[in-house]
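Have the sequence and the model side by side.

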Amino acid sequence: MAMSSTPNILLSLFSIHFLLSLVKINEAKVPAIIVFGDSSVDAGNNNYIPTIARSNFEPYGRDFNGGHPTGRFSNGKIATDFISQAFGLKGAIPAYLDPSYSIPDFATGVTFASAGTGYDNATSNVLSVIPLWKELEYYKDYQTKLRANLGDGKANDIIKDALYMISVGTNDFLENYYAVPGRSSQYTIKEYENFLVGIAGNFTKALYDLGARKISLGGLPPMGCMPLERTGNLMGGSECVNSYNNLAAEFNSKLNDLVIKQNKELNGMDMVFSDPYGIMLDIIQKPAFYGFEVTGVACCATGMFEMGYACSRTNPFTCSDADKYVFWDSFHPTEKTNAIVANHVVQTSLAKFF
Ligand SMILES: *[C@@H]1O[C@H](CO)[C@@H](O)[C@H](O)[C@H]1NC(C)=O
Ligand SMILES: *[C@@H]1O[C@H](CO)[C@@H](O)[C@H](O)[C@H]1NC(C)=O
């Protein structure tokens, strides 16, 4: 008996250390993920406003938790859902306007994003969606409710330690500047980029003033490779539109400069630039390496131009296995692509927050 008691004590000590280390891990450095942006990160806010920029019907969501359209523009999860999971938080970040969730749910993650929106107020007007400044108003409302619900101390900890993710900008160029009259007669493209970066800087500063410290400013994808843009590139043999890709890369480098500048200017600011551009271009150029078969057209419908309501459940052309496709509809990646991009940023820009 005496022989066996020593190992038991040792075992117990080990267990206690092991449990303590687990507790430490569970004391998440990031208690919540708070999201702003467009359809890349909207989980269904647009279901609750009058707009045609919607996706809360099949075949959207057909691979989401066994088949459930939510308003995410994908067959399944979006990148922020995978990122939340990687931080040990919930596997899907709910939309703030969804009445089936409340403050206790939102305390560990929430998205204020609205499909079709942009940095520019004029972009959100195109499809009557939520402008970015209004997303910030909703966030202020969230802070008030969080404090009322959890008390100032706990709420302020969440506000300070949360990771804030911003993913927006593609629509300012593709839905606004190059698509409708207005901005292109006011600004050259470079002036417009600078205008948008100015709004981005005011937005991140406003978040900082409200208590945010850990911020991920998301870059643009290689937007010239979206199936919609390739379809429009008839003269170019439906290849990626290089001018749009170059624009995205240039805009990203300006956002990166903004991140460097504000980290210097704002005491305690811990902002990173999260870049989907390189990994997405790599997927598109070497699809087989990632297990994909189709890059040029999307899974949904003909894959050439459909999204939203045009991507209907009854369309006979919709693919059966979205995992073979980089894009789900003509503007948005499949769940599988989202998972790869999320994993990439978790291992690069976001690694310091774990
Ligand atoms: C966008 O609209 C809001 C609300 O009207 C306004 O406060 C803000 O200054 C506008 N932003 C720009 C960049 O014009
Ligand atoms: C950013 O904020 C400053 C100071 O409030 C303001 O003067 C400027 O117009 C804003 N920039 C944009 C692009 O909205």
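Start with Cys225 and Cys240, which form a disulfide with their sulfur atoms 2.2 Å apart. The term here stands for a pair of cysteine sulfur atoms within 2.5 Å. The link of Cys225 and Cys240 is right-handed, with 115° about the S-S bond. Cys225 sits in the loop between strand S4 (214-218) and H10, and Cys240 in the loop between H10 and helix H11 (242-265), so the pair ties together parts that are 15 residues apart in sequence. Helices (H or I, at least four residues) and strands (E, at least two) are DSSP runs, numbered from the N terminus. By the sulfur-distance rule, the count comes to 3 disulfides.

A word on conventions. This is a predicted model, in which local features need pLDDT of at least 70 and side-chain atom pairs count only at pLDDT 80 or more, while totals for chains, interfaces and linings use all residues. Residues are numbered from 1 along each chain as its sequence is written, chains are lettered from A and ligands numbered from 1 in the order in which they are written, and side-chain values use heavy atoms, leaving out hydrogens and water.

Now look inside. Cavities and pockets are found on a 1 Å grid over the protein atoms alone: a cavity is a set of points where a 1.4 Å probe fits but cannot get out, a pocket is an open set with protein on both sides within 12 Å along at least five of seven lines, and lining residues have an atom within 4 Å of a point. Grid points are joined across faces, edges and corners, and a volume is the space filled by probe spheres set on the points. The count comes to 1 cavity of 30 Å³ or more. The largest cavity has a volume of about 590 Å³. Its lining has 36 residues, and Ser40, Ser167, Gly219, Pro221 and Pro276 lie nearest its centre. Helix H13 (335-347) is among the elements that each supply at least two lining residues, as are helix H2 (79-86) and strand S3 (163-167). H13 gives the most, with 4 residues. By class, this lining has 19 nonpolar, 15 polar and 2 charged residues. In this scheme Ala, Val, Leu, Ile, Met, Phe, Trp, Tyr, Cys and Pro count as nonpolar, Asp, Glu, Lys and Arg as charged, and the others, Gly among them, as polar.

Next, the open space. The largest pocket holds about 300 Å³. It is lined by 18 residues, with Ala53, Leu127, Glu175, Met307 and Phe331 the closest to its centre. Helix H7 (170-177) and helix H10 (227-232) each supply at least two residues of that lining. The largest share, 3 residues, comes from H7. H7 also supplies at least two residues of the lining of the largest cavity.

Turn to the ligands. Which residues surround ligand 1? They are Asn121, Trp133 and Ile199, where near means a heavy atom within 4 Å. A polar side-chain atom of Asn121 lies 2.3 Å from an oxygen atom of ligand 1. For Trp133, a polar side-chain atom lies 3.5 Å from an oxygen atom of ligand 1. The protein covers 38% of the 360 Å² of accessible area that ligand 1 has on its own, by the Shrake-Rupley method with a 1.4 Å probe.

Ligand 2 is surrounded by Phe195, Gly198, Ile199 and Asn202. A polar side-chain atom of Asn202 lies 2.3 Å from an oxygen atom of ligand 2. Taken alone, ligand 2 exposes 360 Å², and the protein buries 32% of that. Its shell divides into 2 nonpolar, 2 polar and no charged residues.

Finish with the backbone. A cis peptide bond joins Glu58 and Pro59, with omega about 10°. Pro59 lies in the loop between strand S1 (33-37) and H2. Asn65 also lies in the loop between S1 and H2. Its phi is near 45°, a positive value in a residue other than glycine.

Notes:
Polar contact = N/O pair within 3.5 Å; in protein donor to acceptor, adjacent residues only side chain to side chain.
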